[in-house]
Amino acid sequence: MGARQSFEMSPGSDEIILITLDGSPPPEEFEALGHLDLAIRSAETAAEAMTAAHESHPALILLDAPHSNSACVELVERLARITPKTSLIVLGAADIQPFEDTVRRAGARAFLPRPVDRSHLVETVEETLANRTRGPASAIAVALRQALDRGEFRLHYQPIVDVATERAVGAEALLRWNSPTLGDVPPLRFIPLAEQMDLIEAIDEWVTYAACYQVLKWREQELGPQWVAINISLSGLGGGRLLSSIKGTLASARAPSRSLMLEISEGALLDRSKEIADTLEDLKRVGVRLAVDEFGTAKSAIEYLKQVPFDSLKIDRLFLRGVPHDDEDCELVANIIRMAHGLGFRVIGEGVENRRQLEFLRTHGCDLAQGHYFSPPLPNDEFVAYAARN
C-alpha cells in the first residue's frame, strides 16, 4: 500500500480515499480536493484495492483506473458489493462510452474521463457526498419496498460440477429482480440499497426458503444436484437471528440441513470477530455446509480460517482468469488448492470459461468448478433440463 498523503487534511477518520491502480502516482488534479479529508492508497492488484476499501470504510472511493478494461469493471462490482454504503467514482479513459456505461451498471455512482478537469472533479465529488446524505429516496427504492410482497424476485441457478466427472452435484442460487416499472434491475444496484433500507434480512429469508424448497424438488426428481449455495450478506452474520432463521426455514421447507451451503465472502471475515465465528460454529452444528467465497480478494488470516468450521473454499474468478497463460496466476491458484486441502477444505474454482482452465484445475486436484464453460445461471426450468442432461 502506498503511504497516506495529506492535502491539508482535517483530523479524524478518512472521508474519501483515492485508489490508484497499477501503483501509478495520482494525477496533479487531485490537489484540487485539498479542502477535503482525502487519503491516497496505491494498489497494484485488485486484492490490494479491495483491502484498502474494506479497511477504510470511506464515504467515497475515487478509483483511478488508467486501463479501462473488464478487470476494472469486475473490481468495481467487487467494491460495490463489499462497501455497499460507500459511493464510488471511477476515473478512466476518455471517449470509451461502453466502458462508462458498464462501470455505471456495475455500481459506480459517476464516471470522469481522464485527464480530469479540476473543477468538474470537485463538483462531482461534492455533489456525490451531498446526495449520499439524503438517503435512498429514488424510484428504485420505492419499487424495492414493494418487490418482495409482489413476488417480483426470482432465483436463477448456476451448476457446480464435480471436476473429475463433470456432472452437476450442486448449484449456486443467484437472486434476480424483474420490476414491472424498472425492468431487470442488476443485483449490484439493488442489494446494497436493500442493506441501507434494512430490507436485506427479509430478502435473505426469502432466498433461503426458495432455494431450500427447490433443492428438495430436485431430490424428488432424482436429479444430480443435491445441495444449493446462497450468499449471506455481511449484516446477516452478526447476532443469533441468522441461526434461528436458517433453522426455521429448513423446517418449513422440509429440507435436510446438508442441502444448504452458505457462502460467506472472505471480506466478511476480515475483522475476525468472535461473534461471527460463534455464529458459523452454530450453523455447522446444525449441519449446514459453509464455504469461504471470493477467496484471495482480502487478507484473511490462515489461522482464523483454521478456527472456523468451513467445508469449502471458493477461488475468486479474478485469479482463474489468468489460467493457464499467466504463470503467477497459475502458481497462486495451485498454492491455494494445496493450502485449502491442507486445511481440510474442498475447493471450488469459480469463473471457468474454457476447457484449458478446467484441465488445469483437474491437474491440480481441484474438487468442484462453476462458470459459463458449463452453463450460465439459469431459471429453474432450464436448470432442471440441464441437470437431467448431465
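How many disulfides does the count come to? Zero, by the rule used here, which takes a disulfide as a pair of cysteine sulfur atoms within 2.5 Å. Cys212 is buried at 0% relative accessibility. Cys366 is buried too, with a relative accessible area of 6%. Buried means under 20% relative accessible area, exposed means over 50%, and partly exposed lies in between (1.4 Å probe, protein chains only).

This is a predicted model: local features need pLDDT of at least 70, side-chain atom pairs count only at pLDDT 80 or more, and totals for chains, interfaces and linings use all residues. Residues are numbered from 1 along each chain as its sequence is written, and side-chain values use heavy atoms, with hydrogens and water left out.

**The parallel sheet**

An open sheet of five strands runs in the order E2-E1-E3-E4-E5, with parallel pairing. Helices (H or I, at least four residues) and strands (E, at least two) are DSSP runs, numbered from the N terminus. Two strands pair if DSSP finds at least two bridges between them. Strand E2 (38-43) and strand E5 (110-114) stand at the edges. Each has a single partner strand, so one side of each is left without a neighbour in the sheet. From one strand to the next, the twist averages 20°.

Inside the order, strand E3 (residues 60-64) and strand E4 (residues 87-93) pair in the parallel sense over five bridges. Ile61 stands opposite Leu88 in E4. Strands of a sheet pair through backbone hydrogen bonds, either parallel or antiparallel.

**Helices on the sheet**

Helix H1 (residues 46-56) lies across strand E1 (16-21), E2 and E3. H1 runs at about 175° to E1. Helix H2 (residues 70-82) lies across E1, E3 and E4, at about 170° to E3. Axes are lines fitted to C-alpha atoms, for helices over the stretch in contact, and angles run from 0 to 180 degrees between N-to-C directions. Contact means heavy atoms within 4.5 Å.

Eight of the eleven residues of H1 are buried, so H1 is largely enclosed by the rest of the structure. The buried residues are Ala47, Ala49, Met50, Thr51, Ala52, Ala53, His54 and Ser56. They pack against E1, E2, E3 and H2. Just after H1, His57 takes a positive phi of about 50°.

Arg109 lies in the loop between helix H3 (97-106) and E5. At 43% relative accessibility, Arg109 is partly exposed. Its C-alpha atom is separated by 9.8 Å from that of Ala80, 29 residues apart along the chain.

Which residues of helix H5 (residues 139-147) are buried? They are Ile140, Ala141, Ala143, Leu144 and Ala147. These cover an arc of only 165° around the axis, which puts them on the same side of H5. The arc is that of the directions from the helix axis to the C-beta atoms. On the other side of H5, Ala139, Val142 and Arg145 are exposed. What covers the buried residues of H5 includes E6, E7, strand E8 (183-185) and helix H6 (187-196).

**Aromatic pairs**

The structure holds ten aromatic pairs. Rings of Phe, Tyr and Trp (its six-membered ring) pair if their centres lie within 6.5 Å; planes under 30 degrees apart count as stacked, over 60 as edge-to-face and the rest as tilted. Two of the pairs are set out below.

| Pair | Centre distance | Plane angle | Class |
|---|---|---|---|
| Phe153 and Trp177 | 6.0 Å | 55° | tilted |
| Phe310 and Phe345 | 6.4 Å | 85° | edge-to-face |

Phe153 lies in strand E6 (residues 153-162) and Trp177 in strand E7 (residues 168-179), so their pair ties together parts that are 24 residues apart in sequence. Phe153 and Trp177 are buried. Along with Phe190 and Trp206, they form one aromatic cluster.

The other tabled pair joins two loops. Phe310 lies between helix H10 (302-307) and strand E12 (312-315), and Phe345 between helix H12 (327-342) and strand E13 (346-350), so the pair ties together parts that are 35 residues apart in sequence. Phe310 is buried, with a relative accessible area of 6%. Phe345 is buried at 5% relative accessibility.

**A buried loop serine**

Ser375 lies in the loop between strand E14 (368-370) and strand E15 (378-379). Is Ser375 buried or exposed? Ser375 is buried, with a relative accessible area of 4%. Not counting residues up to four places away in sequence, Ser375 touches Gln158, Pro159 and Tyr386.
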